[in-house]
Amino acid sequence: MKRLILLALIISSFSVQAQSSQSAFKTGEWLKFRMHYGFLNASFATLQVNSATINNKPVYHVVGHGETTGIASWFFKVDDTYESYFDKVDGKPYRFVRKIDEGGYTKDVEINFDHDTSKAELNDKKNKKKLNFTLEDNIQDLISAFYYLRNNYETEDLEIGKAITLKMLYDDDGIFNFKLKYLGLEVLNTKYGKVECLKFRPLVQSGRVFKEQESLSLWVSNDDNRIPIRIKADLAVGAIKADLDGYNGLKHQFKIIMD
């Protein structure tokens, strides 16, 4: 479940079109999301942008962390950490780390990307195995995709009803293709006031987790920050919602509609 919500956060600022004329984020940006399952405040997730170097290259180092809180943690304890190191210029990922503990289900995975050879090596530390993948154009990991795509679309290029494909590599399942459909503009009432958003709907697999193929909806701020504002999903059992609950270090003004 935690992975599904983080996926939603990542793919909620997309449409790979022309390079944006200005960056949507900077070092120091911090986002916090509160997640609800039914009447429960199920968990929190945060994304923090730092700076680092890999092979003498300046990179962004983003840390994503999520955990259940309160009553929800009594029933299902989650403690997940995701890290991504990606280029400050072109957004290419160099290293991805995934350490999760979801009700006793654990993973400890590291992926290193070699763009010179178009190869990626996945190191499954828990199971002591390594896998190799051939990279495709504009491949991203689960975290770097969010920041790469925030910088690589133009709002005017979006077409209502049109689906966009996004490729990601973050696990031993291999490269994933996501189809994302733009639904238009919508104004949401949030804890900060009214926010104009771009609404999207990824086409997910129905069955065990989601009720229908179009059960997940995403709202992204229609400003220069392009941050997720709300995520809603109808699940096979119940429904879940995530709302932006805190932010700091945004590069641009967060636009609130004044009545």
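Predicted model: local features only at pLDDT ≥ 70, side-chain atom pairs only at ≥ 80, totals over all residues.
Residues are numbered from 1 along each chain as its sequence is written, and side-chain values use heavy atoms, with hydrogens and water left out.

Now, the rings. Rings of Phe, Tyr and Trp (its six-membered ring) pair if their centres lie within 6.5 Å; planes under 30 degrees apart count as stacked, over 60 as edge-to-face and the rest as tilted. That rule gives 10 aromatic pairs. One of them is phenylalanine 86 with tyrosine 147, stacked at 5.7 Å centre to centre and 25° between the planes. Phenylalanine 86 sits in strand 4 (residues 78-87) and tyrosine 147 in helix 3 (residues 144-150), so this pair ties together parts 61 residues apart in sequence. Helices (H or I, at least four residues) and strands (E, at least two) are DSSP runs, numbered from the N terminus. Tyrosine 147 has 0% relative accessibility, so it counts as buried. Phenylalanine 146 and tyrosine 147 also pair, edge-to-face, at 4.6 Å and 65°. Ring pairs join Phe25, Tyr60, Phe86, Phe146 and Tyr147 into a cluster.

Last stop: aspartate 245, in strand 14 (residues 239-248). Aspartate 245 counts as buried because its relative accessibility is 15%.

Thanks, and happy to chat!

Note on methods:
Buried < 20%, exposed > 50% of the residue type's maximum accessible area, 1.4 Å probe, protein only.
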